[in-house]
Amino acid sequence: MTSGISRRARVLAAAVGTGVLVPLVAAATPASAATPAVTCTSARAGLAAKLKQDISAALATRKGTVAVGLYDRSTNTTCTLRAGTAYDSASVVKVTVLATLLWDAKKTNRYLTDRENTLAKAMITKSDNAATSTLWKQLGMTKIKGFLTAAGMTQTKPGANGYWGLTQITVTDEQKLLKLITAKNAVLSDNSRAYILKLMGQVVSSQRWGTPYGVPSGVTVAVKNGWLQRATNGWRVHSVGAFKGGGHDYMITVLTHGNSTMNYGIATIQAVAKVIHKDLAAS
C-alpha cells in the first residue's frame with residue numbers, strides 16, 4: 001500500500017534499491033562542503049576587499065589544502081582562511097618549543113644555559129631536528145602543555161611519543177604565538193621575545209623561503225618554516241613570519257598539505273605572501 005508515500009519518496013526508494021546513488025549523493029552534499037572563502041577585515045578603507053580579492057586569486061589555481069592567517073597591528077587588518085583546520089606541524093613547532101623553554105626559564109628567574117642556547121640556535125636557524133628532540137624531551141609534556149595553556153593556544157595538540165613534528169597546529173594558534181612574540185605580554189618577557197625574533201631573523205638563507213617572499217625593502221623579517229612528507233596528504237609545507245617596517249607591523253601564517261612536492265607547497269605559500277606584502281605596502 002503506497003497511498004501514504006509521495007511519488008518523490010517512491011522514486012528515491014527505487015533509486016536506493018537499484019544502487020543508483022549518484023543523484024542522491026549530489027543532493028545530500030552539505031553546504032559546508034563548499035570551499036571556504038578568504039575573509040578579511042580592516043580599519044584601512046578598501047584594504048580588506050583588496051586583500052580578499054588578491055589572496056583568493058593567488059590560490060585559485062593551486063591544489064592542496066591551504067590555511068592562511070594575516071594580522072597587521074598598524075591597520076587593524078585580519079585575514080583568515082581555514083583558521084581552525086589542523087595540520088601536522090613539521091618544523092614550525094620549533095618556535096613553540098623555544099617559547100616554552102624561555103617561558104619555563106622565566107618562571108624560575110633563570111637565563112638559558114650555554115647548552116640550551118646552542119640547541120635553540122641550531123633548532124631555529126638551521127631547523128636542526130636532533131636539537132629539537134633534545135629540548136622537547138628536556139621540557140616534557142607537562143611544561144609544553146603548560147605553555148600552550150598560558151599562551152591560549154587551545155587548538156594545538158603536542159605530538160605523542162616524542163614525535164614533535166606531528167603536533168597538530170592551526171592558523172589561529174600560530175597567529176596567537178606570533179602576536180606573543182611581537183608585542184609586550186605577561187607570558188613571555190621582553191628579553192625572551194627579542195631572543196626568539198633574533199633567531200628567526202638569522203635563519204639560514206636556504207630556509208628563508210615562504211612568507212618573506214616579496215617583502216618590501218626596509219622591512220625586518222623573522223621566519224620559521226616547516227616541511228614534511230607523509231603517505232597521506234603528500235607534502236606538508238608551512239611558513240610563519242613576522243614583519244615590521246614601512247608603517248606596518250604584521251604577521252603571516254600559511255599552512256598547506258596535499259602538495260605533490262615540497263617546491264609546489266613553497267610556490268603556493270609565496271604566491272599568497274607576495275600579494276599580502278604588496279597590498280600592505282600600498283595601503
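A residue counts as buried when its relative accessible area is under 20%, as exposed when the area is over 50%, and as partly exposed in between (1.4 Å probe, protein chains only). The structure is a predicted model, in which local features need pLDDT of at least 70, side-chain atom pairs count only at pLDDT 80 or more, and totals for chains, interfaces and linings use all residues. Residues are numbered from 1 along each chain as its sequence is written, and side-chain values use heavy atoms, with hydrogens and water left out.

The chain contains 9 helices and 8 strands. These elements are DSSP runs numbered from the N terminus (helices: H or I, at least four residues; strands: E, at least two). Of the 283 residues, 47% are buried. Contacts were defined by heavy atoms within 4.5 Å. Among contacts between residues at least 6 apart in sequence, 65% join residues at least 24 apart.

The structure holds 8 salt bridges. A salt bridge requires a side-chain nitrogen of Lys or Arg within 4 Å of a carboxyl oxygen of Asp or Glu. One of them pairs arginine 236 with aspartate 88, with the closest N and O atoms 2.8 Å apart. This pair links distant parts of the chain. Arginine 236 lies in strand S7 (residues 235–245) and aspartate 88 in strand S4 (residues 87–88), 148 residues apart. Both arginine 236 and aspartate 88 are buried. Asp88 and Arg236 also belong to a network of salt bridges that includes Arg230.

Another salt bridge joins two helices. The side chains of lysine 143 and aspartate 104 meet at 3.2 Å, N to O. Lysine 143 lies in helix H6 (residues 129–151) and aspartate 104 in helix H4 (residues 93–107), so the pair ties together parts that are 39 residues apart in sequence. Lysine 143 is partly exposed, at 33% relative accessible area. Aspartate 104 is buried, at 12% relative accessibility.

A further salt bridge lies within one helix. Aspartate 190 pairs with arginine 193, and their closest N and O atoms are 3.2 Å apart. Both residues belong to helix H8 (residues 190–200), where they are 3 residues apart, about one turn of the helix. Aspartate 190 is partly exposed, with a relative accessible area of 35%. Arginine 193 counts as buried, at 13% relative accessibility.
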